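User: I'd like to learn how to read the sheets, helices and ring pairs in a model like this one. Can you walk me through it?

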Amino acid sequence: MRVILITMTNDKEAPAIEIKGLTKSFKGHLSIGRFQALDGVDLVVPGGVIYGFLGPNGAGKTTTLKILTGMLSPDEGRIRIFGEKAYGTAVASRIGFLPEAPYFYEYLTGRELLMFFGRLFGLPRKLLKERASYLLDRVGLTEKAGLQLRKYSKGMLQRIGLAQAMLNDPDLVILDEPMSALDPIGRREVRDVILDMKRDGKTVFFSSHILADAEMICDEVAILVKGKVVEHGSLDVLLERDVHFWDVSVKGWKPPAKLGDAVVVNRKNNVLLRIEREKAVQEVIDMAREAGGQILGVTPHKASLEDLFMERIPEG
């Protein structure tokens, strides 16, 4: 199938998103007091990356995304997208958006939904038909294009939602919890589509509390807690920390009953030792070799995104 792209200019020098001092509060219950949803958020998202905006429920992720897309106004702060003020028509045309719980008229088919949204963008009919066919193929829904949305699974609805977010061939795609409530197959499908966007040079900014998925695909992340960014940066750098422990796998050796702080797991043909002290790793290797054991592997385990996340979330 021929690839249909809508050509847009792109300032490669400017960050995809630049947020400075963003604050937002809402009236409290029964209009008593104020609830501070965002408290001085600063964030820079480079172009051409997959950026994970992470945090527990109620951290302010969706509020931030609604402000980015113009659905809410901030109390204070500055937002620029590709170096331009966020809410101009030219900037809006370069953004695709999928909310956390989109509502689509369930009696439309997948193709009809894309045609409807494409007309809202003002796309010429011929181009729109070609673009819709291309995107249905891209998200793996060509065979379901004529099926009413009420018969779509949750994963299929997310994929058709991603297709509508890409209709205008945006430079920036903003997704609110795109993998929430999906089964493992659905999450895999959505991850693959997001990775395809990056390969096309798009910037993908998505919120999530599913850390395993974020760790698989993100280049950079920010962690939001109670309306404040408490950690941000390249995932490789953030997780380049001290090793938590080492796994040493040995064949043909029975370790002594007491081996310091090592945790010993006996398997059918070998033994696995989990060791927390780096010095003790070499001691165990030497001991095993002297007894005729064969070292099958030594695996260091560094911090995961979940470890980093839990470190930054205050107790209670």
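Analyst: Let's start with handedness: a crossover is right-handed if, with the strands pointing away from the viewer, the path from the first strand over the helix to the second runs clockwise. Keep in mind that this is a predicted model. Here, strand 7, helix 6 (residues 184-199) and strand 8 make a right-handed β-α-β unit.

User: Which strands make up the mixed sheet, and in what order?

Analyst: Six strands form that open sheet, in the order 6-7-8-3-9-10. Strand 6 (95-98) and strand 10 (228-234) stand at the edges; each has a single partner strand, so one side of each has no neighbour in the sheet. From one strand to the next, the twist averages 15°.

User: How do I follow the pairing strand by strand?

Analyst: Count the bridges and check the sense. Strand 6 and strand 7 run parallel and are joined by four bridges; within that pairing, Gly96 has Val173 in strand 7 as its bridge partner. Strand 7 (residues 172-176) then pairs with strand 8 in the parallel sense over five bridges.

User: Which residue of strand 8 is the bridge partner of Leu175?

Analyst: Phe206 is the partner of Leu175.

User: How many residues of strand 8 are buried?

Analyst: Burial is read from relative accessible area, and under 20% is called buried. In strand 8 (residues 203-208), six of its six residues are buried. Thr203, Phe205 and Ser207 point one way, while Val204, Phe206 and Ser208 point the other way.

User: What about helix 1, is it mostly covered or mostly exposed?

Analyst: Helix 1 (residues 61-68) is mostly covered, with six of its eight residues buried. Among them are Lys61, Thr63 and Leu65. Just after helix 1, Gly70 takes a positive phi of about 85°.

User: What is the strand order in the antiparallel sheet?

Analyst: That open sheet has four strands, in the order 12-13-11-14. Strand 12 (263-266) and strand 14 (294-301) are its edge strands, pairing on one side only. Strand 12 pairs with strand 13 (residues 270-275) in the antiparallel sense over four bridges, and Val265 has Leu272 as its bridge partner in strand 13.

User: And how do I read a ring pair?

Analyst: A pair of aromatic rings is described by the distance of the centres and the angle of the planes. A search of the whole structure finds five aromatic pairs. One of them is Phe116 with Phe117, which is edge-to-face at 5.5 Å centre to centre and 75° between the planes. Phe116 is partly exposed, with a relative accessible area of 40%. Elsewhere, ring pairs link Tyr51, Phe53 and Phe205 into a cluster.

User: How far is the charged end of Arg94 from the centre of the Phe82 ring?

Analyst: The charged end of Arg94 sits over that ring, 4.2 Å from its centre.

How values were computed. Residues numbered from 1 in each chain as written. Predicted model: local features only at pLDDT ≥ 70, side-chain atom pairs only at ≥ 80, totals over all residues. Heavy atoms only, no water. Pairing = 2+ DSSP bridges. Helix = DSSP H or I, 4+ residues; strand = E, 2+ residues; numbered from the N terminus. Buried < 20%, exposed > 50% of the residue type's maximum accessible area, 1.4 Å probe, protein only. Phe/Tyr/Trp six-rings, centres within 6.5 Å; stacked < 30°, edge-to-face > 60°. Lys NZ or Arg CZ within 6 Å of the ring centre and 35° of its normal. Axes fitted to C-alpha atoms, helices over the stretch in contact; angles between N-to-C directions.
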